[in-house]
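Reader: I have a model open and some labels I'd like to pick apart. Could you take me through them, one at a time?

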Amino acid sequence: MNELERWANFYLLTSAAAATLIGLLFVIITLAAERRVEGGAAKIRLYLTPTIVYFGSVLGVAALLTFPNHTRLTATLCICLAGVVGLVYSGTSLIGGGDKKSFEERQDLISYAIVPFVAYGLLAVGAVLLLHHPQRGLTFVAVGMLTLLTLGIRNSWAIAIDVSTRPGRQNSK
């Protein structure tokens with residue numbers, strides 16, 4: 001599919017950015033573990049996991065779309081799969097989910113549930129548009145991917161600031 005070939009550099013750049021940022025998140029996890037931040041384990045699950053999922057989604061979609069010999073149908077199916085899975089994941093955060101996630105601030109609900117839901121929705125809409133209007137569909141997909149990437153960067157920054165400004169626990173030896 002010729003349309004995907006024109007977007008190849010975009011997918012390579014976004015996948016490289018997402019992979020690099022996933023690696024940096026592991027540095028944050030290590031710093032939090034070394035500082036023994038109070039309530040760190042619960043916060044990692046609540047705040048860091050979704051951020052890794054966003055970066056992983058961008059990486060996964062970019063990788064799937066760089067497969068050679070895609071047809072419109074196979075590209076649509078790949079993007080739709082990522083979009084629907086993301087909608088379910090972010091939707092569970094939005095409505096409270098099985099583990100009853102509790103965000104500390106209302107702004108967290110926007111950053112970890114509402115905006116990702118919209119971004120994954122853009123992926124799904126872009127996938128459907130890809131069948132009949134490939135350039136528009138791929139533009140929607142690109143906006144969804146960039147939204148997830150930007151949101152992941154914003155959330156990573158917030159996590160890094162939180163970890164670095166919280167006092168660590170003293171070792172009790």
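**Labels and the cut-offs behind them**

Author: Let's begin with serine 57, which counts as buried because its relative accessibility is 16%, and buried means under 20% relative accessible area, exposed over 50%, partly exposed in between (1.4 Å probe, protein chains only). A word on the source: this is a predicted model, where local features need pLDDT of at least 70, side-chain atom pairs count only at pLDDT 80 or more, and totals for chains, interfaces and linings use all residues. Residues are numbered from 1 along each chain as its sequence is written, and side-chain values use heavy atoms, with hydrogens and water left out.

Reader: Where is serine 57, and what does serine 57 touch?

Author: Serine 57 sits in helix 3; helices (H or I, at least four residues) are DSSP runs, numbered from the N terminus. Leaving aside residues up to four places away in sequence, serine 57 touches Tyr120 and Leu148, where contact means heavy atoms within 4.5 Å.

Reader: What makes glutamate 3 and arginine 72 a salt bridge?

Author: Their side chains meet at 3.4 Å, N to O, and the definition asks for a side-chain nitrogen of Lys or Arg within 4 Å of a carboxyl oxygen of Asp or Glu, so the pair qualifies. The pair links distant parts of the chain, with glutamate 3 in helix 1 (residues 2–6) and arginine 72 in helix 4, 69 residues apart. The structure holds one salt bridge.

Reader: Are the two partners buried, partly exposed or exposed?

Author: Glutamate 3 counts as buried because its relative accessibility is 15%. Arginine 72, at 33%, counts as partly exposed.

Reader: What makes asparagine 69 stand out in its phi?

Author: Asparagine 69 has a positive phi of about 65° although it is not a glycine. Most residues other than glycine have a negative phi. Asparagine 69 lies in the loop between helix 3 (40–65) and helix 4, and it counts as exposed because its relative accessibility is 74%.

Reader: What makes the largest nonpolar core a core, and which residues have the most contacts inside it?

Author: A nonpolar core is a set of buried Ala, Val, Leu, Ile, Met, Phe, Trp, Tyr and Cys residues joined through side-chain atoms within 4.5 Å. The largest one has 36 residues, and Tyr11, Leu65, Leu123 and Met145 have the most contacts inside it. Helix 2 (8–35), helix 3, helix 4, helix 5 and helix 6 (134–165) each supply at least two residues of this core. Among the residues that tyrosine 11 touches, not counting those up to four places away in sequence, are Leu65, Leu138 and Met145.
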